[in-house]
Amino acid sequence: MIVSDITEENIDAFSGLIKEDMAENIGRKTFRGKVLTDEDDALGAIIWEYREVSDFDEEAEIKLVSFLSEDAGEALFEAYNDEISLRSMYRSYLELEKPVEPVPEVLSEQKFSTKIQESRDLYVKVSDLMALEIARKKVPSYVEKLGMITEKEFKQGINWCLYNGRHGIYEDLPSLSMDWFDKDVSCVVRTDGELTGFFMIHRTTTGILVPVLLYASGANFRKDLLRMIVFAIKKSGIKYPPGTLVMIRRHTDETKALSDYLFPGMKGREVLYGERKE
Amino acid sequence: MTLMDRLTVELYFSSTAFFICLGFVIISKRLRSLNTPGDRLFLELSLSNLLYSALSYSRIYIFEESGLETLWVVHQTVIEAAGLFMGYLWLMFVGYTVFGSRDYLKREYWPFFIPVPVLLSLLIINIFHPILFVYDQMGFFIYYPAYYVIAAIEAVYIVVSGILIFRNNRNTDRMRRFRIGPVLTPVVLVPLVFLTTGARIGPICYTVAIIFMFFSMTARIQYYDEEPGFYNRVYREYMCELVKEGRKDYKNLMILKCGGDDRALADIIRRELHRNVEKVHYSKGEYEIFSEHGNAKYLDMTCEMLSNAASEYDRVHPDSPLKLECIKIRRDKGESAFEFLGRTRSL
């Protein structure tokens with residue numbers, strides 16, 4: 001059995017293990033992946049994402065872990081442990097929807113404390129968004145679709161977000177190109193000639209809309225945030241079928257508050273949550 | 001009119017013009033490089049005041065014995081309109097100073113400016129059908145009750161608008177470099193004195209306020225370097241004081257050194273980075289970019305953007321390359337922001 005890196009070149013060979021939405025992340029700076037193979041057969045895979053916790057510590061979120069035997073799981077986690085031990089790691093954690101045997105057992109053996117809880121990700125349909133009261137609000141002309149700005153303005157805008165410590169749900173935001181986002185649904189706010197608001201939405205390979213970054217600066221930032229949300233709702237309603245899924249990640253207090261405001265009482269899916277201090 | 005009255009008026013008018021022109025000449029060179037909407041607004045305010053003052057006192061010379069009633073009314077209408085314009089320009093200036101954005105004022109506070117077209121329309125109607133004031137044969141204006149009622153409403157409207165704008169100043173530290181007294185005094189005093197005594201103190205009141213504002217703005221300008229329009233070493237020292245007091249907290253710093261054209265590097269920084277990024281022109285050919293929240297990825301991205309732009313410049317100007325050097329410095333674990341700033345200068 002051989003553990004090797006998952007790369008953009010070899011990922012197609014493991015399409016049975018790695019779904020398209022996950023596969024599209026391979027090759028990005030913060031994503032890493034390992035695959036366990038026995039001759040030509042893939043026995044398991046693990047993909048994780050690095051994130052900064054503070055200026056000096058990182059954490060790793062395991063995005064995918066899939067194997068059919070405990071031996072395969074142990075081999076994969078050994079490779080994972082070896083790799084993260086080279087970095088200043090604070091913790092590892094994961095959220096798994098409907099994990100299959102023997103994943104929970106291997107997680108316990110790897111000293112992950114696990115529990116069943118509500119996912120931080122909330123899935124809603126475009127029709128749900130269109131039914132919201134705020135979707136009827138007017139959008140002022142200074143909210144522009146992402147496609148209206150230049151690549152240079154985009155870079156400058158992302159740099160401004162990072163300057164203010166905002167990178168949304170992905171830390172490799174600076175390396176993502178403008179084309180990676182949906183240019184019709186994503187939008188920006190222009191104030192005094194400069195971009196001051198950004199709502200970046202990515203459309204995954206399977207068609208799920210993922211809001212990646214929502215940030216506004218300046219005196220009117222609260223209203224700008226809301227106006228960009230209204231813009232994105234209206235545009236997604238025009239561009240995509242009502243059944244299109246939107247994944248809202250409630251990763252901060254602000255995003256939790258926003259999703260509670262937009263969808264009161266709505267719950268995320270049930271997941272197995274595991275965490276290990278490194 | 002006695003000789004003394006004429007001299008007083010003339011002295012007042014000359015001094016107004018003198019101060020405004022002086023202010024304009026001294027700061028306009030700097031304003032050309034800073035060129036923020038607030039600075040431009042201040043210039044507009046200064047020039048409007050000059051016009052307002054000129055109009056207000058010109059009747060003494062122009063129409064004293066003309067006997068043309070309609071011309072008097074038209075002239076008085078222009079003065080009223082100029083005064084109105086001044087009041088609202090003042091409101092915009094306060095708004096800009098508090099929010100730092102002209103667009104924001106237009107977007108969120110446009111109802112505050114609705115009375116301008118309404119009142120202007122009333123003034124124009126008044127020329128043909130006197131509803132506000134009329135010129136009588138004795139050389140005086142007779143003001144109708146409607147004039148006082150509208151003036152009172154307008155004064156309240158401006159003051160309430162000013163207060164509503166100004167209550168947001170807690171959200172900004174801009175006002176630390178800004179004195180509230182000179183700003184609000186004319187807005188409150190001009191209508192108050194007119195309504196209680198009938199005296200028109202607008203021109204002198206606004207002029208005194210503008211002179212105070214001029215000195216206040218000059219105090220702010222000391223933190224900027226005239227040529228690139230970035231902060232200077234005086235600001236860096238002020239920044240260190242703020243850090244020492246715990247009012248600012250920096251996580252990282254980028255030092256940019258160039259062996260080529262200093263101005264070209266300033267242009268690149270201005271073009272590539274957002275306007276509100278804290279940039280310091282430390283010395284000739286040396287710039288600093290401070291960040292309170294940015295992480296290592298921010299530093300990497302900024303360095304890459306500037307380096308790419310510098311490479312492009314070098315490609316176009318092979319005879320005078322920039323020779324840009326980006327030094328990325330992050331605060332160490334356990335190091336205070338003050339120690340960090342001190343360390344960056346010993347490098």
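Mentor: Two residues are in contact when heavy atoms of theirs lie within 4.5 Å. Keep that in mind here; the model is predicted.

Trainee: Leaving aside its neighbours within four places in sequence, which residues is A:T30 in contact with?

Mentor: In chain A, A:T30 touches A:W48, A:E49, A:Y50, A:E171 and A:D172. A:T30 is also in contact with B:K297.

Trainee: Where does A:T30 lie?

Mentor: A:T30 sits in the loop between α1 (20–23) and β2 (31–38) of chain A. The C-alpha atoms of A:T30 and A:L173 are 9.8 Å apart, although 143 residues separate them along the chain.

Trainee: Does A:T30 count as buried or exposed, and why?

Mentor: Buried means under 20% relative accessible area. A:T30 has 5% relative accessibility and therefore counts as buried.

Trainee: How many of the residues in chain A are buried, as a percentage?

Mentor: Of the 278 residues in chain A, 53% are buried. The chain exposes about 13,000 Å², and carbon and sulfur atoms supply 50% of that area.

Trainee: What does the radius of gyration say about chain A?

Mentor: A compact globule of 278 residues would have a radius near 19 Å; chain A has 20 Å, so the value agrees. Along the principal axes, the C-alpha atoms of chain A fill a box of roughly 60 × 35 × 35 Å. Of the contacts in chain A with a separation of 6 or more, 70% are between residues 24 or more positions apart.

Trainee: How many helices and strands are there in chain A?

Mentor: Chain A has 7 helices and 13 strands. Take β5 (residues 89–96) of chain A, where 7 of 8 residues are buried. Strand β4 (residues 58–67) of chain A runs parallel to β5(A), joined by 5 bridges. In this pair A:E59 stands opposite A:R91.

Trainee: How do side chains sit in a regular strand?

Mentor: They alternate between the two faces of the sheet.

Trainee: Which way do β4(B) and strand β5 of chain B run, parallel or antiparallel?

Mentor: Antiparallel: 5 bridges join β4(B) to β5 (residues 286–291) of chain B. B:S283 stands opposite B:E286. The two strands form a hairpin with 2 residues between them, and B:G285 in the turn has a positive phi of about 80°. Strand β4 (residues 278–283) of chain B is mostly covered, with 5 of its 6 residues buried.

Trainee: Which residues form a nonpolar patch on the surface?

Mentor: B:W110, B:I114, B:V118 and B:Y157 do, with about 380 Å² of accessible area together. B:W110 is in the loop between α4 (102–108) and α5 (115–128) of chain B.

Definitions and conventions. Residues numbered from 1 in each chain as written. Chains lettered and ligands numbered in written order. Heavy atoms only, no water. Patch = residues over 30% accessible without salt bridge, like charges linked within 9 Å, V, L, I, M, F, W, Y side chains within 5 Å. Areas by Shrake-Rupley, 256 points an atom, 1.4 Å probe, with all protein chains shown as cover. Salt bridge = Lys/Arg side-chain N within 4 Å of Asp/Glu carboxyl O. Helix = DSSP H or I, 4+ residues; strand = E, 2+ residues; numbered from the N terminus. Rg over C-alpha atoms; globule rule 2.2 N^0.38 Å. Buried < 20%, exposed > 50% of the residue type's maximum accessible area, 1.4 Å probe, protein only. Pairing = 2+ DSSP bridges.
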